[in-house]
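Please examine the structure shown below.

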Amino acid sequence: MSSLSSPRFRVRAGGRLRGSVRVPGDKSISHRSIMLGSLAEGVTRVTGFLEGEDSLATLNAFLQMGVRIEGPDQGRVTIHGVGMHGLKQPEKPLDLGNSGTSMRLLSGLLAGQGLELTLIGDSSLSSRPMRRVTDPLAAMGARIEATARGTAPLHIRPVESLTGIDYAMPMASAQVKSSLLLAGLYAQGETCVTEPAPTRDHTERMLRGFGYGVRREGNRICLTGGGRLTACDLDVPADISSATFFMVGASIAEGSDLTLEHVGINPTRDGVIGILRLMGADIEILNPRDVGGEPVADLRVRSAPLKGIRIPEALVPLAIDEFPALFIAAACAEGETVLTGAEELRVKETDRIQVMADGLLALGVQAEPTPDGIRIQGGPIAGGQVDSKGDHRIAMSFAMAALRAGGEILIDDCANVNTSFPGFAALAAGAGLQIETEHD
Ligand code: S3P
């Protein structure tokens, strides 16, 4: 949320990143752990849960719907599942803050519950497109009212039943896919979603972990409604999207040698490693292992000279949240980096193409936004002041840019860093970033 009292980062120029850090738990998996744990029969114990505002918004929504949840306490959450039909009508609207994942996934999960609910969010979330979920959910028989612009608040009305659909998504969105699959749990017959390109598959993996059959035939994912979920234990890996700021920081700051511990490297999320390696980054994948159905590894990153590239479009959905940080890598690379096929970046927490271009230009970097991407010419980064516009990932990306800047960088409106990465400034300072948080 943008507000006058939102803190500012002041980051001194230079430095390097060294040592070992474990970034907080994966945001996508944390959301899903609360959702499926709440609907399961039995007690689900989660470790490594992200205690960020977004996943806490999901947790609070289920508390409001009568689920008993203990924690979070140092990443440990215990969820006493109420079964598929045990949620209670909340007394107030469910406030999902800044969290698009909460709103889109809950729209599907709640569409067929027979409850009457309202989902609200902050000003950023209230301007993000929701028809991408409400239209296909309506085709399943859901009754969800949005504003005339297709935005939140969303009013969900009770319906008798939902019917499965066979839906070809117009955009590569895991949120849309997950929303429809979660609605499909309550639908008659089969619900199938075809994705135009692979998107993160945490919902499918976790449903299987809770004993629910999910079939994948090529790019089509199907499940049959009417089944049950059985509680299980979940270990949430560190979030590769949060690790990204450190991967970029260590790559661009000479003399860096940083190990990121226990990072989720699910192949539908690891596009950032591929893109950074194409740019010349030195990233070693150590000790790969499987943790509860999700691949995990430690990542050792040493500084390396980067070169500009044309980013392969096939990698875009696999790195969709990592572009603000990758634009900083591009600014530090030799030559031009060109991104295309990434129009989805314009409907994230902010228009990430425009807000990043504005910030890069303010720091003297040549950046030219295009409708579906950006062109960035590598070169010196000057000190200066940038506005994150309340976008957590933009704030953290510009913080890392200071490692290569000619002067101090001030970043405004950083409160929302807490949505995905509480403790970012302290963790980054421990690794070598000269960062301070200022409150007016
Ligand atoms: C998410 C999917 C992505 C991503 C978001 C989390 C998820 O959004 O940007 O941060 O947990 O399913 P889209 O599916 O809308 O691209």
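Two strands are said to pair if DSSP finds at least two bridges between them; helices (H or I, at least four residues) and strands (E, at least two) are DSSP runs, numbered from the N terminus. The model is predicted, so that local features need pLDDT of at least 70 and side-chain atom pairs count only at pLDDT 80 or more, while totals for chains, interfaces and linings use all residues. Residues are numbered from 1 along each chain as its sequence is written, and side-chain values use heavy atoms, with hydrogens and water left out.

Strand β13 runs antiparallel to β15 (residues 220-224), joined to it by five bridges; one of the paired positions is V193, whose partner in β15 is I221. Strand β13 also runs parallel to β11 (residues 166-168), through three bridges, and here D166 stands opposite C192.

Between β13 (190-194) and α6 (202-209) lies a loop that contains A197. Leaving aside residues up to four places away in sequence, A197 touches A172 and P317, where contact means heavy atoms within 4.5 Å. A197 and P317 are 120 residues apart along the chain, yet their C-alpha atoms are separated by 7.3 Å.
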